[in-house]
Amino acid sequence: MHGIGEKTAQTLLREFGSLKQVKQADTEALAEVVGPAKAQKVAEFYREAASEA
């Protein structure tokens, strides 16, 4: 995921418990963990991935 490093990914997984929970989290919940800029990148990544599926 562009702009999201391993440390941030690990933080998200630790806080949310699973990749599925990270994918389902809204931008506000993500921002509480990694800040608004990274939260926006994560949310956009999963929205784009879902629209391509």
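Buried means under 20% relative accessible area, exposed means over 50%, and partly exposed lies in between (1.4 Å probe, protein chains only). This is a predicted model, in which local features need pLDDT of at least 70 and side-chain atom pairs count only at pLDDT 80 or more, while totals for chains, interfaces and linings use all residues. Residues are numbered from 1 along each chain as its sequence is written, and side-chain values use heavy atoms, with hydrogens and water left out.

View 1. Helices (H or I, at least four residues) and strands (E, at least two) are DSSP runs, numbered from the N terminus. The C-alpha trace spans about 25 × 20 × 20 Å along its principal axes. Of the 53 residues, 25% are buried. The mean pLDDT (the predictor's confidence in each residue, from 0 to 100) is 94. Confidence is highest in helix 3 (residues 27–34), with a mean of 98, and lowest in helix 4 (residues 36–52), with a mean of 93.

**View 2. Helix 1 (residues 6–16) has three buried residues: Thr-8, Thr-11 and Leu-12.** They sit on the same side of helix 1 because they cover an arc of only 100 degrees around the axis; the arc is that of the directions from the helix axis to the C-beta atoms. An α-helix has 3.6 residues a turn, so residues three or four places apart point the same way. The buried residues of helix 1 pack against helix 2 (19–24), helix 3 and helix 4. The face turned away from the buried side carries the exposed residues Glu-6, Lys-7 and Arg-14. Gly-17, which follows helix 1, has a positive phi, near 90 degrees.

**View 3. Thr-8, in helix 1, is buried, with a relative accessible area of 10%.** Contact means heavy atoms within 4.5 Å. Leaving aside residues up to four places away in sequence, Thr-8 touches Val-34 and Lys-38. With the same exclusion, Val-34 touches Thr-8, Leu-12 and Ala-39.

**View 4. The largest nonpolar core has ten residues.** A nonpolar core is a set of buried Ala, Val, Leu, Ile, Met, Phe, Trp, Tyr and Cys residues joined through side-chain atoms within 4.5 Å. The members are Ile-4, Leu-12, Val-22, Ala-25, Leu-30, Val-34, Ala-39, Val-42, Ala-43 and Tyr-46. Helix 3 and helix 4 are the elements that give two or more residues to this core. Helix 4 gives the most, with four residues.
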